[in-house]
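Let's take a walk through this structure together, from single elements to the contact between chains. Have your viewer ready.

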Amino acid sequence: MGMDKDTVIWIKGVTFSYGAHIVLENVGLEVKRGDFLGVIGPNGSGKTTLIRIIIGLLKPDSGLVRLFGAPPASADARARVGFVPQKVTNFDQNFPASVSEVVAMGRIPRAGIMKQLGAKDRELIEKALDEVGMLEHRDKRISELSGGQQQRVFMARALVAEPELLILDEPTVGVDRYAQKRFYAILKRLNSAGITIILISHDIGVVSAHVNKLACVNRSVVLHDVSKGVNPADLICAYADRMKIVRHGHAGCPGHCQDGVE
Amino acid sequence: MLDMLEYGFMQRAFIAGTLIAIVCSVIGLFLVLRRMSLMGDGLAHIAFAGIAGGMFFNIYPLLSALVFTVLSALGIQRLKDMKVHGDAAIAIFFSFGLAVGITLISMSKGFGMDLFSYLFGSILAVNETDLAFISVLCAVTVALVWLFYKELFYITFDEESARAGGLPVEKLNTMLIVLTAVTVVVSMRVVGVLLVSSYIVLPASAALLISRSFQNTLFLAAAIALASTVVGLTAAFYFDAAAGGAIVLVLVGAFVSAMILHKLRVNAAREANLH
């Protein structure tokens, strides 16, 4: 491992605890430009904590974190990151916002505080909506959309900031299979266009079918290079003895497994 | 009809009422959506203490109320940062405000009646100084909301993402709470301490039932507040009623109408889906 101009994220010796409870211990991770990294692990394993440290929302107790070579809390580094949060936890379904208003939020960090959005911003908003196939719905109230459509709107909100790194926290929870497929197709296209992607999920099977690297988080972080082939059995590492892997007989989805928390 | 505007006090009441309607409905929308509806009520009781203090120490009451309310708003914010629940933090300051107010009244020599005009509001009470004070503060409030409109919208919708995007969420929250304190103080003169909170909550709540976008809600809330203020003030003049009471009754009427409209729309949409 070495930090160079292609290093997007560099983490070394990071430890984080909530009070006496250690969530992450001596964690290291490197993400390179163009990577598609899946972050997996059981609930409470520290996945979200790791992401919050990466984007500077949490400060580790010790260790080094660099985002685009800078401290993650710096405005410059943050402006290059698009973040798609877990929608279910962050979103009031009765909020009176139109689809284009939601996407416009993503332009604020780029446009600058107290600045009005201009013609270029509006152009980018349309482009981002088009990218995720939601342009025709731009005047609808966000609450009128299905879960999968809402998720694509949140993706457009992240894309409108023209991010170099896109981070998605459990983006397909509560979204049906068809919408999920469509969602992953969009991610794949963005990744091919050069955007580095980090996808948090606890659905190992689906994730490992799309990513080139997998980080198993469970207090520690173990990185697997999926493109070089990985034995799904190795991934049980992330789940220790808290989960079992359930095999489903989905055709065309070899090795698909889903966690079943016991 | 327009003969009431020949009176200076009615002109002042209408100007003040218009400004207050705009400020209350705009700040109210952010408060309602952030589940902070009771903030207005809590701060109004604190403002009451500021008024009593001003009268007791012979300071311009709206000024003492402004200082006391803004400081208390910051105190509530501080308590919340210290992990005291938001509603508990408001309740603590709410009781403190009332206690200060009641103690000062009991020790006073005869400003009781004057104080009542602040409790219930009065169109007769708005003098030139009040109007200047109210105008300046309303202008500042509207200007700040206009400048930070996008940012306030973002943190109201999704604070976590706003923070991830590098927005100064804590500073914006503090600004919103200070502006809420200002809104309460400027509204008291016309609608009264006891009714300020309905003036803040009702227009936004009515608009939320029938709007599509955020901007649309904002303008609709302001329109509802303005119309209700004009109707309420007029009714108060001709029926010799308390202005605050009249305005709030009209606002409740507007809210009920919005509820009926919302219900009709939902039914119509359901019909359309059935056929």
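Before we start, a word on terms: buried means under 20% relative accessible area, exposed over 50%, and partly exposed in between (1.4 Å probe, protein chains only). Helices (H or I, at least four residues) and strands (E, at least two) are DSSP runs, numbered from the N terminus. The model is predicted, so local features need pLDDT of at least 70 and side-chain atom pairs count only at pLDDT 80 or more, while totals for chains, interfaces and linings use all residues. Residues are numbered from 1 along each chain as its sequence is written, chains are lettered from A and ligands numbered from 1 in the order in which they are written, and side-chain values use heavy atoms, with hydrogens and water left out.

Let's begin with helix H1 (residues 47–54) of chain A, which is mostly covered, with six of its eight residues buried. Those six are A:Lys47, A:Thr49, A:Leu50, A:Ile51, A:Ile53 and A:Ile54. After H1(A) comes A:Gly56, with a positive phi near 80°.

Next, look at strand E3 (residues 36–40) of chain A. Five of its five residues are buried, so the strand is largely enclosed by the rest of the structure. In a regular strand the side chains alternate between the two faces of the sheet. Here A:Phe36, A:Gly38 and A:Ile40 point one way from E3(A), while A:Leu37 and A:Val39 point the other way. Two strands pair if DSSP finds at least two bridges between them. E3(A) pairs in the parallel sense with strand E7 (residues 196–200) of chain A over four bridges, and A:Val39 has A:Ile200 as its bridge partner there. E3(A) also pairs in the parallel sense with strand E8 (residues 213–218) of chain A, over four bridges, where A:Leu214 stands opposite A:Gly38.

The side chains of A:Asp35 and A:Lys213 meet in one, at 2.9 Å from N to O. A:Asp35 lies in the loop between strand E2 (21–32) and E3 of chain A and A:Lys213 in strand E8, so the pair ties together parts that are 178 residues apart in sequence. A:Asp35 counts as buried at 7% relative accessibility, and A:Lys213 does at 15%.

Now to the place where the chains meet. Contact means heavy atoms within 4.5 Å, and 29 residues from chain A and 28 residues from chain B take part. The size of an interface is often given as the accessible area lost when the parts come together. With a 1.4 Å probe and summed over both parts, chain A and chain B bury about 2,700 Å² between them, 62% of it on carbon and sulfur atoms.

Which charged pairs cross over? Three salt bridges are counted between chain A and chain B. In one of them, the side chains of B:Asp158 and A:Arg157 meet at 2.8 Å, N to O. B:Asp158 lies in the loop between helix H7 (149–157) and helix H8 (159–164) of chain B and A:Arg157 in helix H7 of chain A, so the pair joins two chains. Both B:Asp158 and A:Arg157 are buried.

Conventions. Buried area is the accessible area (1.4 Å probe) that two parts lose on being put together, summed over both. A salt bridge is a side-chain nitrogen of Lys or Arg within 4 Å of a carboxyl oxygen of Asp or Glu.
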